[in-house]
Amino acid sequence: MKFGFDIDDTLLNLREHAFLIYNEKLHRQIGLEVFQALKTISVHEAFGLTLEEGRDLWNAYRDEIYYTAPPFPNAVEVLSELVKLGHEVYYVTARAAEHCERTKASLESAGFPVENGRFYCGMGDLEKIHVIRKLGLDYYFDDKPAVLDTLSELGLQLYTKDNGYNRHLSVPRIVDWRELLDLLPKS
Ligand SMILES: [Mg+2]
């Protein structure tokens, strides 16, 4: 079967990593419980920053955040297991074009299985549907409500990676990546 994955906040723990970096750069010690209570995808609210200040901070540290964000627990292991079981693993990320090559390389160095022709990058959030339809994915995983909302018309198994800003969605959710293996038909 074909499995597709968003990257940021689906496979990589990007927001929490950004939050920790902001704490360090701004010499603040905001507790993780503040982060966990956020209902927004952006994290600058936790620091009392305006949208513009948040954007400047993100732009200043984006590369560091992108290329040092750790995978969620069990993500690498479970995707590797899927490949071992003969499934196809695809990545579909809306990171901007200039980040595509480095993003692919950093996934590989984190241990994710990245096969030729199975890494899609640089499209807008709302263009993901075209890639996903063309690939004929059986399963797709994403964290972002605006993306998931566009995909409900496709006849695939849609899951969200659990996060504070997507708990209102009725789409089935993955909290720990090990749960994915339980979704597979038992042979
Ligand atoms: Mg995402």
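Let me begin with two residues, Asp 6 and Asp 8, which carry the UniProt annotation "active site" in an unreviewed entry; positions from UniProt are given in the numbering used here, feature names are shortened, and annotations may be inferred rather than shown by experiment. Residues are numbered from 1 along each chain as its sequence is written. What we are looking at is a predicted model, in which local features need pLDDT of at least 70 and side-chain atom pairs count only at pLDDT 80 or more, while totals for chains, interfaces and linings use all residues.

Where do these two aspartates sit? Asp 6 is found in the loop between strand 1 and helix 1, and Asp 8 has its place in the loop between strand 1 and helix 1 as well; helices (H or I, at least four residues) and strands (E, at least two) are DSSP runs, numbered from the N terminus. Asp 6 counts as buried because it has 23 C-beta neighbours inside 10 Å, and Asp 8 is buried with 22 other C-beta atoms within 10 Å. The word buried means that 20 or more other C-beta atoms lie within 10 Å of a residue's own, whereas exposed means 12 or fewer and partly exposed lies in between, with C-beta atoms placed from the backbone.

Leaving out residues up to four places away in sequence, Asp 6 touches Val 92, Thr 93, Phe 141, Asp 142 and Asp 143, while Asp 8, with neighbours within four places set aside, is in contact with Leu 14 and Thr 93. Contact here means that the C-beta atoms of two residues, placed from the backbone, lie within 7 Å.

Six strands form an open sheet in the order 3-2-1-4-5-6, with parallel pairing, where two strands pair if DSSP finds at least two bridges between them. Strand 3 (119-121) and strand 6 (173-174) stand at the edges with a single partner strand each, so one side of each is left without a neighbour in the sheet. Strand 1 and strand 2 run parallel and are joined by four bridges, and Gly 4 has Tyr 90 in strand 2 as its bridge partner. Strand 2 is in turn joined to strand 3 by three bridges, again in parallel, with Val 92 standing opposite Tyr 120 in strand 3. Strand 4 pairs with strand 5 (residues 157-161) in the parallel sense over four bridges, and Phe 141 has Tyr 159 in strand 5 as its bridge partner.

What about the interior? Phe 5, leaving aside its neighbours within four places in sequence, is in contact with Thr 10, Leu 11, Tyr 91 and Phe 141.
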